[in-house]
Structure formats: structure tokens, C-alpha cells
Amino acid sequence: MEQPGTALAERIAERRAGAGDPRALVGETRRTVLPVPSVDGRLWSARSGGVRWVCAFTDEAAPARFALHHGSGERPVEYAALPGARLVDEIVPGPGEPAGLAVTAPALRGAGKTRQEK
């Protein structure tokens, strides 16, 4: 059985290669349920270039890898499975500041680092 985020990971890889349709990427993001790390009930995000990025993943193994690299050991890193449409329509525009959705697909591992915003 195919992982839920496989089609989205393929759309991301296409765009990074300079191919694919951006509308297909947005549509696939909206249809996919994405694991989003959280600590103490707050979604994990990172700031870069004046933008707050909500961090999400396309595969089920990624949250465990994320916890190994970003967990404090004192607090467990938990995950919320959120529909991409909710992330795009409600969560990202919610804080009233420049924000975006950073989706890490398996092929993009190591492309960037994230940290919890205090």
C-alpha cells in the first residue's frame, strides 16, 4: 500500500527539478494528511527570512527522524495528522504574520533545518 504522502512527495520532486504544474502541487498538498510535529500542544515552526514556516512531512517515518534530531529528551515530540487544506487555509494564515508551509519529503532530507519557536 502506498504511503499517504507519496503523491505529494512526487509533486515536490517535480517542482524542485523545474518541472510539474504548481497547481498540481497545491492540489496534492490540500488532499494529503500531513504529520506536523508539536510540543506542548503547539505546532513546530521555524523562522527564516522573516517568514514563520510550519513544518510538515510527507511520510510516516519522518516524524521519528525529526524527533531524534530535534527532541529535547525532556519533552516528547508529538505529531498532529492535519489535512493539507486545513494547514493552507487556517493554520498558515492564522498568526497574522508572513508564514508558509514547509513540507519535507524523503528526497529532500537534509535540505534544511528546523527548530521550535519559543
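Hi everyone, let's start at a turn: β3 and β4 form a hairpin with two residues between them, and G49 in that turn has a positive phi of about 60°. A word on terms: helices (H or I, at least four residues) and strands (E, at least two) are DSSP runs, numbered from the N terminus, and two strands pair if DSSP finds at least two bridges between them.

Before going on, please keep in mind that this is a predicted model, where local features need pLDDT of at least 70, side-chain atom pairs count only at pLDDT 80 or more, and totals for chains, interfaces and linings use all residues. Residues are numbered from 1 along each chain as its sequence is written, and side-chain values use heavy atoms, with hydrogens and water left out.

Strand β3, residues 45–48, runs antiparallel to strand β4, residues 51–57, and four bridges join them. Within that pairing, S45 stands opposite V54 of β4.

Now to the open sheet, which has three strands in the order β2-β1-β5, with antiparallel pairing. Its edge strands are β2 and β5, each of which pairs on one side only. Between β1 and β5 there are six bridges, again antiparallel, and P35 has A81 in β5 as its bridge partner.

While we're on β5, residues 78–83, have a look at Y79, which sits in this strand. From C-alpha to C-alpha, Y79 is 9.8 Å from A64, and the two are 15 residues apart in sequence.

On to the helices. In α4, residues 84–91, the buried residues are G84, L87 and I91. They line one face of the helix, because seen down the axis of α4 they fall within an arc of 100° (the arc is that of the directions from the helix axis to the C-beta atoms). Their cover includes α2, β1, β2, β4, β5 and β6, with contact meaning heavy atoms within 4.5 Å.

Helix α1, residues 6–16, has A7, L8, A9, R11 and I12 buried, and these pack against α2, β1 and β6. Just after α1 comes G18, with a positive phi of about 85°.

Last stop: T32, in the loop between α2 and β1. T32 counts as buried because its relative accessibility is 2%. Its side chain reaches the backbone oxygen of E28 at 2.7 Å.

Key: Buried means under 20% relative accessible area, exposed over 50%, partly exposed in between (1.4 Å probe, protein chains only). A polar contact is a pair of N or O atoms within 3.5 Å; within protein, one must be able to donate a hydrogen and the other to accept it, and residues adjacent in sequence count only if both atoms are side-chain atoms.
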